[in-house]
Amino acid sequence: MKYDLIVVGGGPGGLMAAKTAAEDGLKVVMIERKKDLTKIHRACMQTFYIHKVTASPDAEEGRTHGDGYIEPVSVELLPDRCRFNFPEPGFSIDYKGSYTPYYHWIDLSPSGYYIHRHKPNDKIWALYFDKEVFLAELLSLVQKAGVEVLQETIAESAENTQDGVKVKIRAKSGEQTLEASKAIAADGLNSNIVESLGLNKDRKVMSPPIKILACEMEGVETNYPPFTFFWISIPSLSPMNFGMGVAGEGRFLSWVLTTSNLSPNEIFEKFMKHPTFAPWFRNARIVQKTAAGSEHGLRTPIKEPAVGNVVIVGDAGAPVETWIQGALACGYKAVKAIEKELNGQNGNQEYIDWWQGAFAFNDPHYWKVAAAFPLNMICTDEEVDYLYRLFQGRIGCAMGLIAKNLDLIKKERPELYEKLMKTAPPPEAS
Ligand SMILES: Cc1cc2nc3c(=O)[nH]c(=O)nc-3n(C[C@H](O)[C@H](O)[C@H](O)COP(=O)(O)OP(=O)(O)OC[C@H]3O[C@@H](n4cnc5c(N)ncnc54)[C@H](O)[C@@H]3O)c2cc1C
């Protein structure tokens, strides 16, 4: 074999895998579609979650965030860098770019009623960081470790063979097939490799395709404390929530994720003119827009993301996102699994077991809560206002607070109670 390992995709998952494998002495080639993998074309809020805020029904406890990586992580703020620590997989990554701490997370209704996702002024729950700088730093470690990096090259498919794997690639110079003992598919949400291995067949599609827009803006003025992240629910604009957060140096980053017929652009324009929120945008200017989308909508995750000589890493196996930290952890764990397999041990099963416990989306309970999305799909603006007013100033997430206050809602708004119970029965509080 020319290579020990082919890594497909140079996002956080692929870079981490390539770096780990090459540092451990494997001969690695990494395939990346983009001309410059450090340029982000995929919408991302660039938030590194430290203290996981809740979308769990156990609202007051402030447990896990709704969708991604749930193993503990920590950040050390050193004089010249941040160090992201991953105690369970057992690695750390340094980052020398800029960052802004988030102290608040506030959920807002159409008329501006608010719920705190975690105790205000408690502690930093996340850092905004510069993903492009982060990827550039990882890439330089990948190159230093001796990985052959092929950019502007598309991996089209992978095929398990008796003693290895073949990956078909296409570049300007033409098509060729690479062979290696092992491969890692870290080619993101609409993964060619996952599709070619037939791993999408058993996945259930849970929503229409999701369209995504991320905007970077200057001059946004809210009346909320600095370093706040907003999660905004306006059903009449979109069946999904909007997000918005400070992005350092007075910049704001916002995103729209939607399954609506309206484009995310149209939704965002309407949002900027919405009576409650228009004052935020009086002096705002859009600096940059990044769009993205999923071809298939929200899908159930791949249950067993290690098949023969191929291991699936990061978003390639997830409903939408593993988060940057989840993709990094996958990249690291996948290489350790592969090393075991190369030594005749059952590394694949170990990886599968880890994957099933490390992400919220693998918990069947997650699919009942599905963060706060169903609320936007089933309620009117007035009903969301009612519920948020009921919980104004409380700590938790809307779905969790609803689950704990069903009796009150039934008494005050029986028709809304019926609707909630019929369309999105909230899980019992654990
Ligand atoms: C709106 C939105 C906001 C988000 N905000 C956050 C956040 O604040 N914090 C956070 O941690 N996460 C966030 N995420 C998720 C995060 O961006 C991803 O989970 C993470 O980037 C996944 O990393 P990955 O390496 O698995 O995949 P990706 O980052 O998608 O990387 C895949 C790479 O593979 C390449 N590629 C794709 N197909 C091929 C192919 N056929 N051949 C070769 N190369 C290919 C792509 O060009 C890309 O470089 C957000 C996601 C969305 C949608």
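At what angle do α1 and helix α2 pack? Hi everyone, let's start there.

This is a predicted model, where local features need pLDDT of at least 70, side-chain atom pairs count only at pLDDT 80 or more, and totals for chains, interfaces and linings use all residues. Residues are numbered from 1 along each chain as its sequence is written, and side-chain values use heavy atoms, leaving out hydrogens and water.

Back to the helices (DSSP runs of H or I, at least four residues; strands are E runs of at least two, and both are numbered from the N terminus). The angle between α1 and α2, residues 131–144, is about 25°, and their axes lie 9 Å apart. Axes here are lines fitted to C-alpha atoms over the stretch in contact, with angles from 0 to 180 degrees between N-to-C directions. So α1 is roughly parallel to α2, a label for angles under 35 degrees.

Let's look at polar contacts, meaning pairs of N or O atoms within 3.5 Å. A polar side-chain atom of Asp315 sits 2.9 Å from a ligand oxygen. For Thr322, a backbone N or O atom is 3.5 Å from an oxygen atom of the ligand.

Notes. A polar contact is a pair of N or O atoms within 3.5 Å; within protein, one must be able to donate a hydrogen and the other to accept it, and residues adjacent in sequence count only if both atoms are side-chain atoms. Angles under 35 degrees count as roughly parallel, over 145 as roughly antiparallel, 65 to 115 as roughly perpendicular and the rest as oblique.
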